[in-house]
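Here is a short briefing on a protein and its ligand. Please look over the sequence and the structure before reading on.

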Amino acid sequence: KLENATAKAELGRASWKLFHTMMARFPEKPSEEDSLALKTYIQLFARLYPCGDCASHFQKLLKKFPPQISSRNSAAGWACHVHNQVNERLEKPMFDCNKIGDFYDCGCGDDKKAAGE
Ligand code: FAD
C-alpha cells in the first residue's frame, strides 16, 4: 500500500498530544511504581508505534536520550527534548521547552472532584 503522508502526520499530532499531556499529568513526586510504569509505557510506545520507520528512529532516540521519569518536570522536559529531536530530523521548527508549562491541559480539571462539582 502507498504511503499516506496526511494520515501519518495526523497520527503523529494525535500521538504527541497524548504523549505530552500524559507527561503534564505525571505526578510531581512519583512513587517508584509510577516511574516504572512511565518508563515501561514509553518503551512500549516506541516499540508499538504504528509507523514502523518512526518507531525504529524513536527507539534509537530513546537509547541516546533515556526517559527521564523522576518527576513531572523532568518527564515533560525530556519529552519536549525528544520531540524536538524528531522535529530537527523532519526539518520542523523547534519548540521552546521553557514554554511547555500549561501548554498541555487535559481538560480534566481536578479529577479528585466529581464532574460538575
Ligand atoms: P507535530 O510535530 O505533530 O507537533 C504537534 C504540535 O505539538 C505542534 O503544532 C506544536 O504545538 C507542539 N510541539 C511541537 N514540538 C514540540 C515539542 N518539542 N514539545 C512539545 N510540543 C511540541 N513523521 C515522519 O514523517 N517520520 C518520522 O520518522 C516520524 N517519527 C515520529 C515518531 C514519533 C514517536 C511520533 C509521535 C511521530 C513521528 N512522526 C514522524 C510524525 C511527526 O513527528 C509529526 O507528528 C507530523 O509530521 C505532524 O507534524 P506537525 O508539524 O503537525 O507537528
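The points below cover the fold, the ligand site and the pockets.

This is a predicted model. The protein has four helices and zero strands. The ligand takes up the space of the largest pocket. Helix 1 gives the largest share of the shell around the ligand, and also the largest share of the lining of that pocket.

**Overall fold**

- Read from the N terminus, the elements run α-α-α-α.
- Along the principal axes, the C-alpha atoms fill a box of roughly 50 × 30 × 25 Å.

- Y104 places a polar side-chain atom 2.7 Å from a nitrogen atom of the ligand.
- The side chain of N87 has an N or O atom 3.0 Å from a ligand nitrogen.
- For the side chain of N84, the distance from an N or O atom to a nitrogen atom of the ligand is 3.2 Å.
- The ligand alone would expose 950 Å², and the protein buries 81% of that area.

**The shell around the ligand**

- There are 23 residues around the ligand. R13, C80, H83, R89 and Y104 come nearest.
- Helix 1 supplies seven residues, the largest share of the shell.
- By class, the shell holds 13 nonpolar, six polar and four charged residues.

**The largest pocket**

- Helix 1, helix 2 (32-48), helix 3 and helix 4 each bring at least two residues to the lining.
- Ten lining residues come from helix 1, which is the largest share.
- The lining divides into 14 nonpolar, six polar and six charged residues.

**The second largest pocket**

- The volume of the second largest pocket is about 240 Å³.
- Its lining includes H20, M23, A24 and R25. R72, N73 and A76 also line this pocket.
- I100, G101, D102, Y104 and D105 complete the lining.
- Helix 1 and helix 4 are the elements that give two or more residues to this lining.
- The lining of the second largest pocket has five nonpolar, three polar and four charged residues.

**Points to trace in the structure**

Note on methods:
Residues are numbered from 1 along each chain as its sequence is written. This is a predicted model: local features need pLDDT of at least 70, side-chain atom pairs count only at pLDDT 80 or more; totals for chains, interfaces and linings use all residues. Side-chain values use heavy atoms; hydrogens and water are left out. A residue is near a molecule or strand if one of its heavy atoms lies within 4 Å of it. A polar contact is a pair of N or O atoms within 3.5 Å; within protein, one must be able to donate a hydrogen and the other to accept it, and residues adjacent in sequence count only if both atoms are side-chain atoms. Accessible areas come from the Shrake-Rupley method with a 1.4 Å probe; for residues, only the protein chains shown count as cover. On a 1 Å grid over the protein atoms alone, a cavity is a set of points where a 1.4 Å probe fits but cannot get out, and a pocket is an open set with protein on both sides within 12 Å along at least five of seven lines; lining residues have an atom within 4 Å of a point. A molecule sits in a cavity or pocket if more than half of its atoms lie within 2 Å of its grid points. Ala, Val, Leu, Ile, Met, Phe, Trp, Tyr, Cys and Pro count as nonpolar, Asp, Glu, Lys and Arg as charged, and the others, Gly among them, as polar. Grid points are joined across faces, edges and corners, and a volume is the space filled by probe spheres set on the points.
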